[in-house]
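Subject: Structure handover

Hi,

Here is the structure I said I would pass on. Please open it alongside this note. What I found follows below.

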Amino acid sequence: MKSYDRLFIGGEWVQPSSSSVFEVHSPSTGELVGSTPEAMNADIDRAVAAAREAVDHGPWPHMSPTERGAVLARAAEAVRNQMQEMSELISNEMGSPVSWGLLAQVLAPTMILDYYAGLGSTFAFDTVKDGMLGPVMVTKEPIGVVAAITPWNVPFFLAAAKLAPALLSGSSVVFKPAPETPLDANVFAEILADAGLPKGVLSVVPAGREVGEYLVNHPGVNKVSFTGSTVAGKKIGAACGANLKRFSLELGGKSAAILLDDVNLAESLPLLLPNAIMNNGEACISLTRILAPRDRYTEVTDALVEMVRNMKVGDALDPATEVGPLVAERQRDRVENYIRIGQEEGAKIAVGGGRPAGLDTGWYVEPTVFVDVDNSMRIAQEEIFGPVLSVIPYDDDADAVRIANDSDYGLCGGVYTGDNDRGLGIARQVRTGTYMVNSAIPIDFSSPFGGYKDSGMGREFGEDGLELFLEKKTINLPAGYSPSV
Ligand code: NAD
């Protein structure tokens, strides 16, 4: 049990303003695994006030980026010392298979923390140059108070993706994790405090949508960094736009994997499948549309179905599990509803479609493959957020690109082919923020990541991810003056 009776506000564990509590139950067993106080508007006020004070009068923005980076490096080290516990905690919160979680939910955040720790010494916060009319200094300053809002599916990963660059920038952060995954967020707060983060710089306020809206609209907040659904992202973008508040959005996806006609299925499907049914299908970057050449359609679906049929479904804490339970009953209802919709639309279930035998407690759905899918169907257009794939036939390369692009989303994608040049040519034509050519790696933490179209605005990771938390100031200097930077 991981239970908290206080909220981490302004760097201290304080009495919450209400007695309301979030209980966290294991999606595998239903058992209570922890609890934490629910933050209310009054707690947000306190957190924003502490963050304001920290950024307006505290030491953090004035410490050198190298010193701030050192805090992140110590946090990464602390996480590495508790990888297994952290992975199990996250599996207990949201059902991620623990083996996958060790890499994606825990190791990856240490890489993100380390990357930004290193950028503290190498990033050019100040540059001096000859401008068009005289010497110019461009300085990049902390954006101020950041509201960081995350969903439950990769909670610690997304927290690291926001907090590492925001903190490196010298900004302060009010972090609102999702109600399903507040416990790992509290652990992250403990880790960062132990790593030397000064008081006031970070608050963690587990809360639901309404309190999240209050945070977004809070006049003390300078920037909203949001990851979540496109519906919520549009609302948040509109609210921020009305007040010219800075915002960045990482939203949903419906990404396509294109298998070209020269593909070697034995080599490519093992690269593709872990990215198609990743994290129980609860991943924004999942390759949920599989585009297969019409004259190899049966061969592709047979091979894919065979692999999906053999995926081990089970308790998230079992190291052998490849597909765990969905986060909650309502998520299983949502996925089962889409499975019904797919059948009503005329698609056929080639494998899965039901609940796995012998797993009577927990929110399990069988990994499912639909065949005879047309890209106009709802199951091919809407984000299901579960282990459900659609295999769609295409006629030629141009048709494959057309289908891949026939989506409101544009987050990820991949092409699998015997010819890398041909694959790169396809990559250049698909309108998404990140892409794989014969690769199993969808995200590189030193490079921009984000969405075209309804998948978001702005780019996380790499230097772009840091720039999201910086304001740029140009200082025109007198002739002959060249400050050292
Ligand atoms: P959601 O939008 O319902 O909630 C996400 C977070 O935002 C939660 O903390 C929630 O409490 C809060 N929230 C919701 N509405 C809000 C509002 N109006 N104002 C302020 N806060 C609000 O999303 P979800 O269903 O929890 O998460 C799944 C979604 O997240 C999927 O669409 C998935 O694709 C997306 N996602 C995107 C990325 C990415 O990097 N692009 C990564 C992970 C998940």
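Some ground rules. This is a predicted model, in which local features need pLDDT of at least 70, side-chain atom pairs count only at pLDDT 80 or more, and totals for chains, interfaces and linings use all residues. Residues are numbered from 1 along each chain as its sequence is written, and side-chain values use heavy atoms, with hydrogens and water left out. Helices (H or I, at least four residues) and strands (E, at least two) are DSSP runs, numbered from the N terminus.

**Helix α8**

Buried means under 20% relative accessible area, exposed over 50%, partly exposed in between (1.4 Å probe, protein chains only). Leucine 244 follows α8, with a positive phi near 50°.

**The sheet**

An open sheet is built from 7 strands, in the order β15-β16-β17-β14-β13-β19-β20, with mixed pairing. Two strands pair if DSSP finds at least two bridges between them. β15 (348-351) and β20 (436-437) are the edge strands, each pairing on one side only.

Take β13 (residues 256-259). Ala256 and Ile258 point one way, Ala257 and Leu259 the other, and all are buried. β13 runs parallel to β14 (residues 289-293), joined by 3 bridges. Alanine 256 sits opposite arginine 289 of β14. The chain gets from β13 to β14 through helix α9 (residues 265-276), in a right-handed β-α-β crossover. Right-handed means that, with the strands pointing away from the viewer, the path from the first strand over the helix to the second runs clockwise.

β13 is also parallel to β19 (residues 413-416), with 4 bridges. Isoleucine 258 faces leucine 291 in β14, and its bridge partner in β19 is valine 415.

**Helices α3 and α6**

α3 (residues 83-94) and α6 (residues 183-194) pack at about 150°, axes 9 Å apart. Axes are lines fitted to C-alpha atoms, for helices over the stretch in contact, and angles run from 0 to 180 degrees between N-to-C directions. The two helices are therefore roughly antiparallel (over 145 degrees). Met86, Leu89, Ile90 and Glu93 of α3 meet Leu183, Asp184 and Val187 of α6.

Best wishes

Note on methods: Angles under 35 degrees count as roughly parallel, over 145 as roughly antiparallel, 65 to 115 as roughly perpendicular and the rest as oblique. Contact means heavy atoms within 4.5 Å.
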